[in-house]
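Q: I have a structure open and have not looked at it before. Can you walk me through some of it?

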There are 2 protein chains.
Amino acid sequence: MMNVPLLVPTMLERAEKFFPKKQVISRTAEGKKTHTYKEIGERTRRLASALEKLGVKKGERVGTIAWNHHRHLESYFAIPGIGAVLHTINIRLAPNHISYIVNHAEDQVLLIDEDLLPLVESVKDELSTVKAFVIMTEKDSLPETRLQPVYHYEELLKEGNPSFEFVTDIDENEPAGMCYTSATTGNPKGVVYSHRGIVLHSMALGLADCSGLSENDVSMPVVPMFHVNAWGMPFAATWFGTTQVMPGPYFTPKIIAELIQSEKVTISAGVPTIWLGLLNELEQGNYDTSSITRILCGGSAAPKGMIKAFETKYKIPFVHAYGMTETSPLVVLSRLKSYQENLSDEERLDIRSKQGSLVPGVEMKVIGKDGDVAWDGQEMGELLLRGPWIASEYYKDERTTDAFRDGWLYTGDVVTVDEEGIIKIVDRTKDLVKSGGEWISSVDLENALMAHEAIFEAAVIAVPHEQWQERPIACVVLKDAYKEKVTKEEIYDFLKPQFAKWWLPDDILFLDTIPKTSVGKFLKRALRDQLKEHLTTQA
Amino acid sequence: MMNVPLLVPTMLERAEKFFPKKQVISRTAEGKKTHTYKEIGERTRRLASALEKLGVKKGERVGTIAWNHHRHLESYFAIPGIGAVLHTINIRLAPNHISYIVNHAEDQVLLIDEDLLPLVESVKDELSTVKAFVIMTEKDSLPETRLQPVYHYEELLKEGNPSFEFVTDIDENEPAGMCYTSATTGNPKGVVYSHRGIVLHSMALGLADCSGLSENDVSMPVVPMFHVNAWGMPFAATWFGTTQVMPGPYFTPKIIAELIQSEKVTISAGVPTIWLGLLNELEQGNYDTSSITRILCGGSAAPKGMIKAFETKYKIPFVHAYGMTETSPLVVLSRLKSYQENLSDEERLDIRSKQGSLVPGVEMKVIGKDGDVAWDGQEMGELLLRGPWIASEYYKDERTTDAFRDGWLYTGDVVTVDEEGIIKIVDRTKDLVKSGGEWISSVDLENALMAHEAIFEAAVIAVPHEQWQERPIACVVLKDAYKEKVTKEEIYDFLKPQFAKWWLPDDILFLDTIPKTSVGKFLKRALRDQLKEHLTTQA
């Protein structure tokens with residue numbers, strides 16, 4: 001077979017050649033902007049040539065600090081298109097972590113959304129490698145800024161070469177992208193994506209048995225482009241000539257609902273908190289969401305009640321998926337097998353509310369206390385993954401040795417696997433409640449709590465306990481309509497029939513809000529810190 | 001990213017682990033036999049260990065001379081599973097070509113269907129490398145044969161190891177399969193498929209925008225497993241856990257129609273002559289073919305009338321595709337773009353009767369007399385292809401230099417490309433009629449002829465002509481009901497409104513049959529030889 005490498009820029013080239021009229025629709029501060037793939041292609045080539053002129057060399061990193069929009073999409077292809085590395089920076093990280101990762105990645109250039117300038121300005125003096133700041137703005141002139149030297153994105157494009165030829169003499173295993181993921185303690189850890197990994201992951205997104213992304217779709221990644229490449233959707237959607245809708249900055253559930261309706265979005269992707277918000281919005285407003293053929297949900301476990309509400313009330317098929325920054329991210333996706341289609345509604349919902357089974361191209365192992373666990377839906381073990389779109393290390397980081405061992409990624413996720421090979425995330429290894437030598441899944445308790453009609457959000461954490469080592473505590477946020485109308489006892493009564501007595505939380509606390517990580521997951525560490533003496537103090 | 005190679009046996013491992021209950025249904029001489037993927041997995045491992053015991057080493061070739069059935073499927077994975085090379089042998093080749101390719105590939109072992117033994121026995125004395133003959137038979141004992149040493153497939157399996165571990169320490173670029181393709185003159189040319197090529201091609205088959213092969217499908221490759229790996233379907237279907245129906249030996253259109261009905265086949269693939277036969281059968285019988293969601297048709301151009309008949313009369317979506325032995329084969333496939341769905345029935349049929357556009361992962365060029373042709377649907381040029389599942393050479397063959405140049409495969413197919421990037425095969429470079437310095441497409445004339453209600457098959461060939469260099473002659477086979485009831489003049493009257501006068505054939509000959517190649521394509525060379533003096537003699 002020909003020695004033709006799998007390279008990121010060839011994906012854009014396919015859109016330019018075969019789908020020049022198809023569109024990318026961006027919600028910006030100035031309203032909706034539409035570009036065809038022909039235009040995106042030319043603009044991307046201009047940007048690529050401009051980055052070369054700014055002195056970016058093959059293998060060097062270029063950072064982006066930006067929302068989901070067409071300019072960010074252009075940088076997705078322009079940076080790997082010159083053989084450099086697209087470093088998407090999570091804007092929700094703490095400033096000291098942002099300066100850490102820019103320096104650690106040795107970013108040469110930063111592409112920054114105008115409204116995110118203050119974030120960069122606040123850490124400007126810490127940045128030791130950046131040679132140029134490029135401002136992505138709708139306006140004709142540059143905003144005032146302390147950053148130096150500073151360039152106007154559109155001005156650079158004007159001077160750029162619309163026929164610039166993307167790099168071809170590069171090994172497919174060379175880096176094309178990178179993303180840092182928060183660590184429980186310490187600085188974020190860098191994950192590097194190769195050209196090969198991104199192309200293969202894009203192919204997986206197009207498989208009929210995975211998300212089946214197609215030219216026929218209208219794809220709207222709600223998951224940020226600064227987080228695991230928006231789950232790879234912008235890459236794959238461009239390759240397939242899919243219409244893309246970019247929700248832009250500071251969107252609300254209302255904006256998401258309106259975009260679905262106006263742009264006839266067929267596929268979207270995001271974390272459960274996004275979809276909880278949308279569900280809430282759909283219940284209040286009157287939207288036509290009939291264009292949607294599937295919503296992908298990952299990042300943390302989706303409550304079963306939410307899946308059911310989307311599917312039965314709004315006829316929106318809801319696809320549970322699982323992945324990590326380290327896994328590009330798609331590795332597990334929930335789809336019924338053909339012979340499961342005849343099961344009852346409830347049984348099908350039970351299956352679909354699990355994370356799902358392994359997508360073609362990756363391999364797994366589940367390791368419990370005594371080696372490989374039984375596929376019985378009961379025995380818990382840590383999920384190990386292996387495959388061509390799974391990281392092999394953290395970038396220049398000693399913590400590599402914790403997570404990457406013997407050719408496998410140790411995910412830190414505790415799962416069960418049933419007879420059909422369907423994976424259910426039970427907990428993070430560090431969030432499991434280890435009570436008297438037995439394991440209690442905080443996630444199972446949370447899902448049960450969130451199925452209560454009065455409860456908006458719930459987090460269950462392990463709190464040190466003298467006799468049992470650890471015991472669970474539930475932190476609950478009530479829906480506005482139920483505030484101060486529901487008692488602890490009512491919630492205990494609701495849980496009791498569902499769990500063994502020793503699984504029940506030792507306390508249920510009503511909070512106004514649950515602290516979240518930069519990507520919208522529950523920040524359990526903060527709750528654990530806050531409540532670490534809750535049971536000893538009570539006793 | 002992890003350095004995990006793309007290897008063929010991992011595709012079977014996925015079926016074993018995640019789809020152990022799904023089935024492979026084989027039509028055999030003894031009736032239908034059903035095996036689960038669990039059983040296929042164990043049997044394949046047994047076969048792999050048996051082949052090792054027979055002395056097959058990594059990189060060596062093992063030949064198969066067999067129809068489409070579960071044992072052939074087992075060899076598809078067992079042979080690459082020990083790092084050896086699956087050499088599928090086209091049983092329709094002339095005996096001297098069969099002995100040539102067995103010797104040229106240096107096959108160490110041959111796996112032979114019992115009913116095909118005479119074919120091998122007839123060339124036995126010419127075979128210089130084969131160390132063992134394995135007979136695939138339904139019977140308990142070995143048939144009488146002159147071949148030596150000879151083994152019983154099922155006996156070998158009995159002694160084999162059901163837990164045999166497939167090879168993992170192999171580079172993905174190592175060969176996994178090979179297939180010889182007939183040449184216009186001389187011996188067949190060998191094409192080698194790498195593990196990487198087969199896995200990537202399988203992924204393409206699963207893309208929603210290509211054939212979208214899925215676990216939900218019931219896949220029946222009618223195209224033989226001895227021809228370009230049955231277009232890769234057995235590999236991909238196994239990977240996705242798809243139910244497979246193998247039509248076995250000596251099938252007829254009736255058998256195909258019955259299998260579609262009884263097994264609820266959803267996807268099938270084959271050459272136009274197969275589908276012409278099926279269409280004929282459907283017109284005579286009363287079959288339920290409602291399970292079919294698409295038929296893939298390739299190998300040569302499908303007449304528009306046939307596509308229309310399948311789609312309008314039988315509601316069977318008909319997907320035109322294009323490929324070659326050298327291209328694994330899928331590279332071009334006909335699918336409407338989303339914005340073409342609103343066109344009229346006739347316009348959509350026009351688009352779908354072209355070969356289609358390039359599948360993700362491969363690149364093309366179309367080179368006419370003056371370099372790249374315009375994408376105007378008019379200008380003709382030779383199609384060049386490049387990609388990771390396209391061969392880079394003919395195996396140990398000097399003819400490599402003709403077809404593989406500057407990193408591209410010169411397909412020998414003349415095409416036009418329209419504004420949408422949709423390819424239409426106009427002719428083989430060697431079948432084009434070059435008349436007075438202009439090009440006449442034999443395929444266009446054939447398609448027009450085959451749309452005539454009285455015509456079953458038609459081939460148009462170039463015949464030497466004193467004044468014009470070459471002129472077209474049409475060879476026509478009438479449907480039984482129309483034999484001797486249609487005149488040459490009636491057919492000229494039918495053609496005249498459709499073509500410029502100088503395109504009209506110089507003669508129309510009524511034949512009983514059109515000679516075909518070993519894979520069912522028109523053997524125009526034979527007609528050309530036969531008719532080479534037709535116009536000069538007439539004059």
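A: What follows is a short chat about confidence, salt bridges and a charged patch.

Q: What are the ipTM and pTM scores here?
A: This is a predicted model, and it scores ipTM 0.90 and pTM 0.90. For chain A, the mean pLDDT is 94, with 99% of residues at 70 or more.

Q: How many salt bridges are there over all chains?
A: A search of the whole structure finds 81.

Q: Which residue of chain B does Arg196(A) form a salt bridge with?
A: Glu172(B), with the closest N and O atoms 2.7 Å apart. The pair crosses between chains, from helix H7 of chain A to the loop between H6 and E8 of chain B.

Q: Is Arg196(A) buried or exposed?
A: Arg196(A) is buried, at 5% relative accessible area. Glu172(B) counts as buried too, at 8%.

Q: What about Glu138(A) and Lys33(A), how far apart in sequence are the parts they tie together?
A: Their side chains meet in a salt bridge of 2.7 Å, N to O. Glu138(A) sits in the loop between strands E6 and E7 and Lys33(A) in strand E2, so the pair ties together parts 105 residues apart. Glu138(A) is buried at 19%, while Lys33(A) is partly exposed at 28%.

Q: Changing topic, which residues gather in a patch of negative charge?
A: Asp370(A), Asp376(A), Glu379(A) and Glu419(A), on the surface.

Q: Where does Asp376(A) lie?
A: In the loop between strands E18 and E19 of chain A. Asp376(A) is partly exposed, with a relative accessible area of 31%.

Definitions and conventions. Residues numbered from 1 in each chain as written. Chains lettered and ligands numbered in written order. Predicted model: local features only at pLDDT ≥ 70, side-chain atom pairs only at ≥ 80, totals over all residues. Heavy atoms only, no water. Patch = residues over 30% accessible without salt bridge, like charges linked within 9 Å, V, L, I, M, F, W, Y side chains within 5 Å. Areas by Shrake-Rupley, 256 points an atom, 1.4 Å probe, with all protein chains shown as cover. Salt bridge = Lys/Arg side-chain N within 4 Å of Asp/Glu carboxyl O. Lys, Arg positive; Asp, Glu negative; His and termini not counted. Charge placed at Lys NZ, Arg CZ, Asp CG, Glu CD. Helix = DSSP H or I, 4+ residues; strand = E, 2+ residues; numbered from the N terminus. Buried < 20%, exposed > 50% of the residue type's maximum accessible area, 1.4 Å probe, protein only. pLDDT = per-residue confidence, 0-100.
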